[in-house]
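Subject: Structure handover, salt bridges

Hello,

Here is the structure for your files. My notes on its charged side-chain pairs follow below.

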Amino acid sequence: MSEAARNERGSDWEQPRYSIGEVAERSGLSRDTLRWYERIGLMDYVGRDHAGKRRFSNRDLEWLALIGRLRTTGMSVADMVRYAELVRAGESTFPERLEMFRNTRAEVLAKIDELRQTVAVLDYKIDVYEGKAQLARPATITVQREGIKV
């Protein structure tokens, strides 16, 4: 992120303020998962208080929200760690990050298409069991290597 964008967010965006328990509750992740994310390099440096306890910032919460979305896409932990490394390497890695997101987006769109086809099959079966459709339907549902196609 550019310095101008950081300044626009305000000075407390990176201010350590939340305990690991607060972040676990806000993010829905366990404390162990948060520690693991830090250990494997998925989280950048997490601040510490005077007693050495982790303190997370709003920036960390935003990062965890992004990681949660990437997990939802099915992105592997290794790819997420690679992305985190690219982010830390700076703006020169924009082209590689862009390619990662384009590839992930294409994969997500393919999954959405597959889910739409699955919903169509479920809708048909619901109609059959509710008596709204005939049991013998033309061969529009076929099984292929990738799964059921409608």
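Does Arg-59 count as buried, partly exposed or exposed, and at what relative accessibility? Arg-59 counts as partly exposed, at 24% relative accessibility.

Some background on the source. This is a predicted model, in which local features need pLDDT of at least 70 and side-chain atom pairs count only at pLDDT 80 or more, while totals for chains, interfaces and linings use all residues. Residues are numbered from 1 along each chain as its sequence is written, and side-chain values use heavy atoms, with hydrogens and water left out.

The search of the whole structure gave 9 salt bridges (a side-chain nitrogen of Lys or Arg within 4 Å of a carboxyl oxygen of Asp or Glu). Among them:

- Asp-44 and Arg-59 form a salt bridge at 3.0 Å, N to O. This pair links distant parts of the chain, 15 residues apart: Asp-44 is in the loop between α3 (31-40) and β1 (47-48), and Arg-59 is in helix α4 (residues 58-73). Helices (H or I, at least four residues) and strands (E, at least two) are DSSP runs, numbered from the N terminus. Asp-44 is partly exposed, at 29%.
- Arg-17 and Asp-12 form a salt bridge at 3.8 Å, N to O. Arg-17 is partly exposed at 32%, and Asp-12 is partly exposed at 39%.
- Lys-132 and Glu-130 form a salt bridge at 3.0 Å, N to O. Lys-132 is exposed at 63%, whereas Glu-130 is partly exposed at 49%.

Regards

Methods
Buried means under 20% relative accessible area, exposed over 50%, partly exposed in between (1.4 Å probe, protein chains only).
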